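Please open the model in your viewer and keep the selection panel at hand. The tour moves from one selection to the next and says what is found at each stop.

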Amino acid sequence: MSEINNENPVLIIGGGHSGVSAALEITESVDKEVYIVEKRPYIGGRVLQMYKYFPKLCPPFCGFEINIKRIKSSTEGNIKFLISSEVEEINKDKDGTGYKIKIRQKPQYINDNCTICGECAKACLEDRPNDFNYDMDTTKAIYLPAISTFPLKYTVDENYCKFSSCKKCEEVCKYNAINLNAQENIIELKVSDIIFATGWKPYNVEKLENLGYGKFKNVITNVMMERLAADNGPTNGKILRPSDNKEVGNVAFIQCAGSRNENHLPYCSAICCMASLKQALYLREKNSASTPTIFYIDLRTPGRYENFLNKAVSDKNIKFNKGVVGKISEDHMTGDLLLDVEDILSGKKIKFKAEMVVLAAGMYPNIKDDLNGIKIDGGIKIDIDENGFIFNENFEGGIFSAGVAKFPLDVYMSGQSATSAALSVIQHNVKL
Amino acid sequence: MKNTVIKTDNELIEYINEVGESNFKKCFQCGTCSAVCPLSTEDRPFPRKEMILAGWGMKEQLVSDLDPWLCYYCGECSKNCPRKAEPGELMMSLRRFLISAYDWTGISKILYKSKYAEYIAILIVALGVLIEWAVLFGLHPAAGATLEQAVSPDKIDYFFDWPITVFLGVMLTSFIYNMFRKTVLSDRGVKIPLKLYFTEGWSLMFNFFTQYRYAKCDDSEESSSKKLATGKYNFWLTHLFLVISYVILFVGIVFFLDWFQAENSLPYLHIILFDYFASIGLIFGTVYFVIKRLTKKIERSKFSHHTDWMFVILLFLTGVSGIILRAAIVYNFPVSSIFYIYIVHLMILFPMLVIEVPFSKWSHLAYRPVAIYFANLKEKAKSLNNVEIS
């Protein structure tokens, strides 16, 4: 085997499924250090917010736990995590190889002494909207950000903590784990390669004015549905609608909410069909009287995913309507929703009544906005297409991408793209 | 299931493409347009159906389709179309196609395809008018002649007014019969009882004189007074004002031409109805639509075909030259000036009538209310049949 240039580490921006997978693939294959820079206070990214993965319908934790185990066992500490951190500057190194990176890490108020005993949160008086559950419930200002948080410790929300005027959490912590006077860190690194694994966020469906998200309480998004279905979610796994916490059965799933729309996201987000089929099955599993209806343009379930579609179709209580919804209005008395839609197969226009509407929000690439916040040396080539995805790998410069930074991908394909990025990094560092 | 052979027509696809700016080939049949349409009905929603019929060139279905006439280009479909395929503009293109499909002479098709053909046709008619005038009255008025001697109203009646009325009457009637044949008679699924033709007649009149469908474009829950105050009825009311003005002038000039040339027995009625109301309506309306077409701010004025421009410009010029002519008569201009203004006025008016009325955009004035009438007939007949069966 050729020798690897391991003088400088690899920078991976984003600690979601793709970033972690790429880090593991690199460190398990060659002796090279990797830094993962993650904006959130924990590693794992969006997959942790899923109730189940398709097509096997297993919870995300099993796969994530295997990754954590791999991180702990086989890589001999070669993966370093910088949580609550953002890359500020990327400059070419003077000697012509690699990059100088400036990273800003938010104050780490809680150190590794934390045992997640939870006494601090009990003492805390301030509430914050819980972004992990898409603001559908609240946590204290000192909180455990996710159920399988890694690194496993509490975190403090700066926007809601009262700091020196309160300090109740510091007083009750028995392990000296809290220091509310902590300062932010500036970390400077020299790296050989960069992998953008910056992931995605759900499209802001409020822009789809006709569909009433933000106006009508019972219009939610697919990512919120995952949290409603999840046992560790705001409703403990019961699918209750926001307006009156009623258990719902007649739920309308509206596909392509933003995706395949030239006024919004011109591309197909690839995962929403499978996600809605999966969520229709959640409903069926949790409520035997439920009748989910999927409003679609065409259902995209390529390859073996077709079996999953067949499984959903064979359930006679799951209805399908070819034709997407043009307008939604609300019955103010009941909170039910009225959908204006054409049933294309019969050629009739109908008013469909639903207890709750789930919009299949498309995937919007984070990289598009993230790059605005990073000062990048003019000579560094990062090709972004018109939709905000990185479309070109920079093999010469050692700049690669993985996961949804490239294009809309599901978890499985993100893993593959991470392997591909890892392989590119290794090839880039082979000593000739 | 019975197998049906779908006949498609590539030339038709090209023609629809030529006479409008819809990207109907981009349509992926999501159904958003039909769902948001404030005018389409539950039983036969449009324009999603027309998008695929046009995309596939399904001539038979398109020719028998009344729905393009029921569309008033509110623009909700185009605004919400995820493919920017412009379904509203497709319905406009289909109206242009249908005008040429009802016209058995084939003239419409040529005029819609080429703006030069339209210019030439207008020039030919204008020259024809000039020649006819020269034969009847000469190119200069005789010295000392009164207006009645120089331009005899009787001769205008015999050689201009009545022939054009007969011509337009024959043309439009035959085209509308053609439309009836293609849209109503061809539909074997419905038999229309004779009685319905009379009982549904009100819808024809109602829609012609109110054009109420324009008002239905805005289906928000606001009150009518609020819609009026916020300008949501502006387009409808302006269009209605223009149509009523046009009809008043048309009827007045065809049947009571004497009134315009000499003193008449009801001077105040004349002044209020023709000199003020109808003249203002014609000028205000045409200027309003030209401004809308130039600013392109609302969906239905975003795209302008050469026939749209020609229609509104000819109508405006007809109005302006007519007002000048009337003013010249009222204010006792020299007979020679009136004589020349008269020629110019007719050279604008006749191309407007001969070209625009049967063969081009004017014809929507006839087809729109007739289509609503036919659609009502079919719908009523169907519901009657259903009652009988059940």
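Predicted model: local features only at pLDDT ≥ 70, side-chain atom pairs only at ≥ 80, totals over all residues.

Residues are numbered from 1 along each chain as its sequence is written, and chains are lettered from A and ligands numbered from 1 in the order in which they are written.

Select chain A to begin. Its C-alpha atoms fill a box of roughly 70 × 55 × 35 Å along the principal axes, and the chain holds 9 helices and 23 strands, these being DSSP runs numbered from the N terminus (helices H or I, at least four residues; strands E, at least two). The radius of gyration of chain A, 23 Å, agrees with the value near 22 Å that a compact globule of 432 residues would have; the radius is taken over C-alpha atoms, and the globule rule is 2.2 Å times the number of residues to the power 0.38. Buried residues make up 47% of chain A, where buried means that 20 or more other C-beta atoms, placed from the backbone, lie within 10 Å of the residue's own.

Next, select I12(A), I195(A), I254(A) and L359(A), which touch the most other members of the largest nonpolar core, a set of 190 residues. Such a core consists of buried Ala, Val, Leu, Ile, Met, Phe, Trp, Tyr and Cys residues joined through C-beta atoms within 7 Å. Helix α20 (residues 335-359) of chain B gives the most to this core, with 15 residues. Beyond its neighbours within four places in sequence, I12(A) is in contact with residues including V34(A), I36(A) and I195(A), a contact being a pair whose C-beta atoms, placed from the backbone, lie within 7 Å.

Now show both chains: 18 residues of chain A are in contact with 18 residues of chain B. On the chain A side, β17 (325-330), β18 (337-343) and β19 (348-354) each supply at least two residues.

Finally, colour chain B by domain, with domain 1 at 10-102 and domain 2 at 107-387, bounds that come from an automatic or database domain assignment. Their C-alpha centres lie 26 Å apart, and the contact takes 24 residues from domain 1 of chain B and 29 residues from domain 2 of chain B. On the domain 1 side, α7(B) gives the most, with 7 residues.

Conventions:
Contact = placed C-beta atoms within 7 Å. Buried ≥ 20, exposed ≤ 12 C-beta atoms within 10 Å, placed from the backbone.
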